[in-house]
Amino acid sequence: MSIVTTEALTKIYKMGDTTINAVDGLDLSIDKGEFLSIMGPSGSGKTTLLHLLGCLDVPTAGKVNIDGVETGDLSGAALASIRREKVGFIFQEYNLLPVLSAVENVELPLRYLKVKPAERRRRALEALEKVGLSDRARNRPSQLSGGEAQRVAIARALVTEPALVLADEPTGELDTTNTVRIMDLVRDLNRDFQQTFAIVTHDPMVAERTRRIISIRDGKIESDKAVA
Amino acid sequence: MAFIFRNMWRRKGRTFLTIFGIVVGIFALTVLGGMTARMDQQVKGMKGFITGKISVAPEDSGAHVRMRGGGSSYMDLSTARAIEKIPGVQTASGMVMVQLKSAEGLSAPQMLVGYEPPADGGMFKDIKMSQGRELKAGDTDKAVVGSVLATQERSKVGGPITLKGKTYEVAGIMDATLGPTDAWAFVPYQDGLNTFLAANPFIKDVQLVQSITVLPKPGADIEALAGTIQKDIPGVKTTSPVQAEKQISQMTTIFSAIILGIAFIALFVGGLSVINTMIMSVSERRREIGLKKAIGATTSTILREYLGEAAMIGLFAGAVGMLAGLLAISALNRATHANNVVIFAVTSTVILGPVIFATILASLAGLFPALRAARLNPVDALKEE
């Protein structure tokens, strides 16, 4: 069953007289429980695609359907609601709020979902437990290592149990040991909780650990293959 | 709420300076507001004294409301008798005033007022006696004393009070009006006149009055009656209650406008520093705003968050500035208390006004930066270094 589908998805940027087709008529389907990576060189359009899939950006043309909702004509507030309810984001630079503790950072999406404080705390601690960071719940981001900070960010992406988790170069700031740990963690979360992951990366080691690799060049799918 | 506080304290120095700027403005507003409130009380107290009466003064005596008494022109007591013959006039009471002690700060001077008490009293319509009674026609060597003067002289009804060397028996003590009459003593006309002549030995006229207070008969149109007196009696200037109130209001309005103007300028500067602080905060936190939007915060959520931060700066600075102002007011009032002078009044407006004002001011100042934050495109914001 598809959790995300795109039809002729297009994003065009205009910079002065230059037109850039960042995403160029792309058709894609991601099934529930998939664990895939999107690869491509810099400027290939992979991050733009991720933003379009996550309703952070709106397409110039074409359609995105997330968990049965057509997002084409939705207002800004409705797109925010989809991001709240159906999408989880993991970024390269973790993007944790420095004034909040680890558990408060994880709670943040639940705040926007208006979940009651006690329930919020319970679910955030549960998410931290899934990523093995229960003992660092009260620490501020400045007191965490890079690997730990990214695990907090993963917990934040999972806490709302979204239909789709989108990760943009999640290991880009990490050394090899931590990259392996994070990828193992994400793979376990996918296996144990059937959580759908789409990971943008240019690191073959990361891509090889997923089960499907979509290669993108010039805004188009160059190849789409299952990993043995 | 806790997050708002934590964000405020991220840049302690900057937040402190912004708050300090508003605190100074709010301090000024509270202290000056206290002064205005005190003036307002005095005006209200004065209104109690002028209600239901027409005041008649010599034509060239200038303003009727002579809070400091004195004046260079006088009328003869016979003018009062002539006024009493006009239909609609119940009593016309000649008055003479002598200063007992000069004014200090914004407080009224202590005055001795000699007047002709009406046969059945009723001269102080809106001022009640807290003890004893008003003066009556025929009373001699008796005095009615204002509340402040009574406290200062430790006067008791039936007890003595010495004013300008003459000892009177206290017939009554007036309720506090917070107006200038609280520091006045009222004595029979002849006693007042004798004191006046003793203080002004160059004046030989023996039946002079400085002003005449006219009480209308019940049911008489007081404004029309003031016009009739003005028309029929030569050489006088009448002031009806409506005119008197207008004169007092004009005086206080100008004063209030000046002192509040000063405070508002101080706060305008505070407002600008809130705008500056909030613009800086938004610029520094663009990535965070992008992240919040990515995980589902709406435009209005971000707007509320930043407006809340600006309002909190205003509320906090307002509360601190107001408390500092109250401390100053209390210290200054205590310092002048020994002389029975009250320069500042503390009312609910003096307390709440500046705090509410600072909160609204800071929120308004924060509106533009907050809107800027709320309208950020998440993709652009996330790209920020």
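**Terms and model**

Two residues are taken to be in contact if their C-beta atoms, placed from the backbone, lie within 7 Å. Helices (H or I, at least four residues) and strands (E, at least two) are DSSP runs, numbered from the N terminus.

The structure is a predicted model, in which local features need pLDDT of at least 70 and side-chain atom pairs count only at pLDDT 80 or more, while totals for chains, interfaces and linings use all residues. Residues are numbered from 1 along each chain as its sequence is written, with chains lettered from A and ligands numbered from 1 in the order in which they are written.

**Helix α2 of chain A and the contact with chain B**

Helix α2(A) spans residues 76-86. Its buried residues are in contact with β4, β5, β6 (87-90), α3 and β7 (164-168) of chain A, together with α8 (286-294) of chain B. Buried in α2(A) are A:Leu79, A:Ala80, A:Ile82, A:Arg83, A:Arg84 and A:Lys86; a residue counts as buried if 20 or more other C-beta atoms, placed from the backbone, lie within 10 Å of its own, as exposed if 12 or fewer do, and as partly exposed in between.

Between the two chains, 15 residues of chain A are in contact with 17 residues of chain B. On the chain A side, the elements that give two or more residues are α2 and α3 (102-112), and α2(A) gives the most, with five residues. This side divides into nine nonpolar, three polar and three charged residues. Here Ala, Val, Leu, Ile, Met, Phe, Trp, Tyr, Cys and Pro count as nonpolar, Asp, Glu, Lys and Arg as charged, and the others, Gly among them, as polar.

**The sheet of chain A**

An open sheet of four strands in chain A has the order β2-β1-β4-β5, with antiparallel pairing; two strands pair if DSSP finds at least two bridges between them. Its edge strands are β2 (18-31) and β5 (69-70), each of which pairs on one side only. Strand β1 (residues 2-15) is joined to β2(A) by 10 bridges, and A:Met15 stands opposite A:Thr18 in β2(A).

Helix α1 (residues 46-53) of chain A lies across β1, β2 and β4 (61-66), and runs at about 60° to β2(A). Such angles, from 0 to 180 degrees, are taken between the N-to-C directions of axes, which are lines fitted to C-alpha atoms, for helices over the stretch in contact.

**A:Glu34**

In the loop between β2 and β3 (35-39) of chain A lies A:Glu34. This residue is buried because 20 other C-beta atoms lie within 10 Å. Not counting residues up to four places away in sequence, A:Glu34 touches A:Thr196 and A:Arg212. A:Arg211 is 177 residues from A:Glu34 in sequence, yet 7.6 Å away in space, C-alpha to C-alpha.

**Nonpolar cores**

A nonpolar core is a set of buried Ala, Val, Leu, Ile, Met, Phe, Trp, Tyr and Cys residues joined through C-beta atoms within 7 Å. The largest has 117 residues, and those with the most contacts inside it are A:Ala155 and B:Ala310. Helix α2 (residues 12-50) of chain B provides the largest share of this core, 12 residues. Another core, of 53 residues, lies apart from it and includes B:Met46, B:Phe49, B:Phe124 and B:Val145.

**Strand pairing in chain B**

Strand β3 (residues 89-101) of chain B is joined by six bridges to the antiparallel strand β11 (residues 211-216), where B:Ile212 is the bridge partner of B:Gly94. Six bridges also join β3(B) to β4 (residues 110-115), again antiparallel, and B:Met97 stands opposite B:Val113 in β4(B).
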